[in-house]
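The sequence and structure come before the details.

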Amino acid sequence: MSTVPRGRGLRDPNLRDRLYELLEHDPLAYSVGSRFIQLIIGVVVLNVAAMILASVPELDARFGALFAGISILSVLVFALEYAARLWTVAGHTQGRGSALSDRLGYAFSALGIIDLMAFLPAAIVLATGRHATLAALGVLPFFKLIRYSPAMRSLLAAVHAERRALIGCIVILIGAVLTFASLLYAIERDVQPDKLGTIPQAMWWAIVTLGTVGYGDVVPLTPLGKFISTFAIISGFAMIALPVAIISTAFAEEVKRRDFVVTWGMLARVPLFSHLAAAEIADIMRLLRARTIEQGEILVRRGDPASSMYFITAGEVEIALPSQHVRLSDGTFFGEIALLHKTKRSGTVTATRKTRLLVLDAQDFHALIARMPTLAAHVHTTAKARLADSGDLALAELAQAEKEGGGRSE
């Protein structure tokens with residue numbers, strides 16, 4: 001049984017590093033980090049659902065104590081998580097400043113503020129006893145999901161990247177609102193003084209019209225006012241389409257950039273490609289296609305033709321060779337030896353859990369080798385070196401290739 005040395009405990013820097021890895025780094029599937037994320041997401045969903053249901057008087061009367069208990073539990077969990085992040089962030093920032101500056105940097109960051117707002121307002125409300133206000137604050141913990149959702153982070157990154165263009169759209173929208181409101185005020189103020197008698201009143205009509213909502217509570221009555229409204233309605237489509245197009249394009253680019261970085265990092269670690277130039281790795285990336293297999297699904301069977309090379313991005317597979325069973329997980333690859341020797345698979349590959357793969361088809365592999373002589377030489381050199389690794393299909397497949405080759409020569 002291991003013990004913590006006297007005088008260390010929470011002051012142990014190794015403990016802080018391990019806790020930081022658990023809290024901040026993207027975890028592998030089925031790891032302790034992934035279970036921690038599942039716990040936090042579960043608490044967020046439970047808390048938001050409880051706050052929504054608590055706003056229904058009948059349910060609050062029956063289950064008020066349960067809702068209050070969930071709120072207290074959520075506040076405790078989020079507060080402990082915030083304290084842990086505040087403690088562990090020291091020494092783990094790019095600026096390498098003091099512990100105080102690192103913690104202040106986290107506290108005033110966007111994610112730090114979200115983590116704080118997830119529990120602090122609710123804690124204050126619980127302390128003061130204003131439970132009706134507590135229900136209104138139930139949505140705040142929902143924003144913690146930004147930390148655990150790559151899609152939401154990509155969307156925020158896209159909005160931030162295009163912030164100048166979006167600010168420009170807002171300026172244009174304000175200008176259009178002022179222009180159409182002023183025109184309709186000048187035309188309709190005497191006809192409808194109660195609805196369009198001032199420019200601020202006309203601005204409500206302009207906002208509703210440009211937003212293509214059209215409540216119908218304020219409408220022009222004069223022919224000229226209706227004519228101006230026609231242009232306002234048409235302009236409204238442009239007002240909506242412009243920021244949507246900017247954000248959607250930026251979001252798509254951000255997703256591509258994120259996938260590119262992930263794939264690049266993985267390929268750069270593969271011995272076959274580690275010595276290639278950036279342009280050559282980018283050329284390979286264009287040939288890869290993604291594939292996901294579920295737990296228990298068979299990827300290839302023994303005796304199948306070697307049709308692809310596989311890179312595991314997340315998950316784990318088990319290779320059943322004639323003499324042993326081998327497991328490969330994140331960042332590993334297999335299948336290149338069979339492609340080089342154009343032989344059949346000597347093992348059956350089964351997913352032990354849900355697994356994401358990048359697949360390089362045989363035709364693309366050989367075309368790549370043919371047009372890149374330096375890559376071809378490096379592939380053969382690396383493949384020979386990898387024959388010493390019994391964890392791949394390499395040895396069995398090569399032995400089978402030699403056996404088949406010997407049979408054909410007889």
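Which residues in helix 10 meet which residues in helix 12? From helix 10 they are Leu173, Ala176, Val177, Leu178, Phe180, Ala181, Ser182, Leu184 and Tyr185, and from helix 12 they are Ile199, Ala202, Met203, Trp205, Ala206, Ile207 and Leu210. Contact means heavy atoms within 4.5 Å.

## Basis of the model

The model is predicted, with local features needing pLDDT of at least 70 and side-chain atom pairs counting only at pLDDT 80 or more, while totals for chains, interfaces and linings use all residues. Residues are numbered from 1 along each chain as its sequence is written, and side-chain values use heavy atoms, with hydrogens and water left out.

## Overall make-up

The protein chain has 18 helices and eight strands. Helices (H or I, at least four residues) and strands (E, at least two) are DSSP runs, numbered from the N terminus. Of the 410 residues in the protein chain, 37% are buried. Buried means under 20% relative accessible area, exposed means over 50%, and partly exposed is in between, with a 1.4 Å probe and protein chains only. Among contacts in the protein chain with a separation of 6 or more, 70% are between residues 24 or more positions apart.

## Helix 10 and helix 12

Helix 10 and helix 12 (residues 199-210) pack at an angle of about 120°, and their axes are 8 Å apart. Axes are lines fitted to C-alpha atoms, for helices over the stretch in contact, and angles run from 0 to 180 degrees between N-to-C directions. The angle makes helix 10 oblique to helix 12. Angles under 35 degrees count as roughly parallel, over 145 as roughly antiparallel, 65 to 115 as roughly perpendicular, and the rest as oblique.

The crossing of helix 10 with helix 12 is right-handed. A crossing is left-handed if the near helix is turned anticlockwise from the far one by less than a right angle, and right-handed if clockwise. By class, the contact of helix 10 with helix 12 has 15 nonpolar residues, one polar and no charged. Ala, Val, Leu, Ile, Met, Phe, Trp, Tyr, Cys and Pro count as nonpolar, Asp, Glu, Lys and Arg as charged, and the others, Gly among them, as polar.

Gln192 lies in the loop between helix 10 (163-188) and helix 11 (193-196). Gln192 has a relative accessible area of 7%, so it is buried. Not counting residues up to four places away in sequence, Gln192 touches Gly197, Val219, Pro220 and Leu221.

## The contacts of helix 3

The axes of helix 3 (residues 57-88) and helix 4 (residues 99-107) come within 8 Å and cross at roughly 140°, which means that helix 3 is oblique to helix 4. Tyr82, Arg85, Leu86 and Trp87 of helix 3 meet Arg103, Tyr106 and Ala107 of helix 4. That contact of helix 3 with helix 4 has five nonpolar, no polar and two charged residues.

With helix 6 (residues 120-128), the axis of helix 3 comes within 9 Å and the two cross at roughly 135°. Helix 3 is therefore oblique to helix 6, and their crossing is left-handed. Ser71, Ile72 and Val75 of helix 3 make the contact with Ala122, Ala123 and Leu126 of helix 6. Five of these residues are nonpolar, one is polar and none is charged.

## Nonpolar cores

A nonpolar core is a set of buried Ala, Val, Leu, Ile, Met, Phe, Trp, Tyr and Cys residues joined through side-chain atoms within 4.5 Å. The largest has 19 residues, of which Phe36, Ile40, Val44, Phe78, Tyr82, Phe119 and Tyr148 touch the most other members. Helix 2 (32-54), helix 3, helix 4 and helix 8 (145-148) each supply at least two residues of this core, and the largest share, six residues, comes from helix 2.

Phe119 touches Val75, Phe78, Ala79 and Tyr82, not counting residues up to four places away in sequence. A second, separate core of 18 residues includes Phe311, Ala338, Met372 and Ala376.

## Single residues

Arg85 lies in helix 3 and is buried, with a relative accessible area of 0%. Leaving out residues up to four places away in sequence, Arg85 touches Leu23, Glu24, Phe36, Tyr106, Asp115, Arg147 and Tyr148. Ile113, in helix 5 (residues 110-117), counts as partly exposed because its relative accessibility is 41%.
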